[in-house]
Amino acid sequence: MSPQRSFYGVELKSRLLLGTARYPSPKILADAIAASGAEVVTVSLRRESGSEKSGQSFWSLVRGLGVRMLPNTAGCHTVKEAVTTAHMARELFDTAWIKLEVIRDDETLQPDIFGLVEAARVLSEEGFEVFPYTTEDLVVADRLVEAGCKVLMPWGAPIGSARGLNNAYGLKALRAHFPDIPLVVDAGIGVPSHASAAMELGYDAVLLNTAVAEAGDPAAMPRPLRWRSRRAAWPSRPSRWSRATWPCRRHL
């Protein structure tokens with residue numbers, strides 16, 4: 001695999017994508033993004049727009065960091081909600097990129113795969129470049145590609161669980177089935193060894209949020225990941241420092 005992978009024609013050097021939710025403060029968020037070397041960050045339109053004092057100022061902060069924004073449809077439970085949110089995000093952020101989430105189960109945040117495929121088809125036909133948050137199911141992935149998706153983002157484990165790759169066999173099968181499509185493990189990464197496992201399966205990138213935002217020192221935690229995410233694999237075992245600062249090791 002080449003050191004760079006094209007995401008809808010955009011070449012990325014870093015294999016780390018970062019979420020922007022749950023940080024203790026905007027400054028810590030900015031410091032964490034800068035330390036990580038991530039070139040892409042996700043932003044939630046629905047979450048931030050729900051708070052008047054954090055909406056526009058938050059988006060202005062992220063814009064000023066010089067990274068590419070990947071707005072998402074977090075919190076959407078229907079196709080209509082997801083499509084409407086995507087249109088609002090395109091107008092607000094001036095990007096065709098959208099991380100598509102259509103959630104069915106509120107406890108595990110498992111995606112509604114039927115609504116996801118339908119929304120992906122609608123948005124692709126309307127000119128969006130869709131990054132679908134999905135499972136490792138091959139049939140669903142086939143349907144998403146048929147709907148127009150040129151990137152797939154299967155979960156490793158439920159969002160925020162930090163359980164790593166629950167179904168490594170399924171993720172490996174997905175990689176083998178789609179050798180030419182960028183694949184990003186989205187959700188479940190809790191320690192660097194989880195990210196290493198994803199890279200060893202041939203995945204192109206990982207998306208982290210909770211593990212960074214809720215670390216003991218979110219601004220310091222991504223520094224050693226910066227160079228690791230630009231190489232073929234991360235260490236197969238977390239270091240002593242990683243075990244001390246990653247917040248969710250109780251799940252391991």
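In the predicted model described here, the charged end of R90 sits over the ring of F128, 3.9 Å from its centre, where a charge is taken to sit over a ring if NZ of Lys or CZ of Arg is within 6 Å of the ring centre and within 35 degrees of the ring normal. R68 is likewise placed over the face of W97, at 4.6 Å from the ring centre. Residues are numbered from 1 along each chain as its sequence is written. Because the model is predicted, local features need pLDDT of at least 70 and side-chain atom pairs count only at pLDDT 80 or more, whereas totals for chains, interfaces and linings use all residues, and side-chain values use heavy atoms, with hydrogens and water left out.

The structure holds four aromatic pairs, a pair being rings of Phe, Tyr and Trp (its six-membered ring) whose centres lie within 6.5 Å, with planes under 30 degrees apart counted as stacked, over 60 as edge-to-face and the rest as tilted. One of these is the stacked pair of F7 and F131, at 6.4 Å centre to centre and with 10° between the planes. F7 lies in strand β1 (residues 5–7) and F131 in strand β7 (residues 129–134), so this pair ties together parts that are 124 residues apart in sequence; helices (H or I, at least four residues) and strands (E, at least two) are DSSP runs, numbered from the N terminus. Both F7 and F131 are buried, that is, under 20% relative accessible area, with exposed meaning over 50% and partly exposed in between (1.4 Å probe, protein chains only). The rings of Y8 and F131 have centres 5.3 Å apart and planes at 55°, so that pair is tilted. The relative accessible area of Y8 is 17%, and that of F131 is 2%. Ring pairs link F7, Y8, W97 and F131 into a cluster.

Beyond its neighbours within four places in sequence, L100 is in contact (heavy atoms within 4.5 Å) with residues including A82, L116, V130 and F131.

In helix α1 (residues 26–36), the buried residues are L29, A30, A32, I33, A35 and S36. Just after α1, G37 adopts a positive phi of about 75°.
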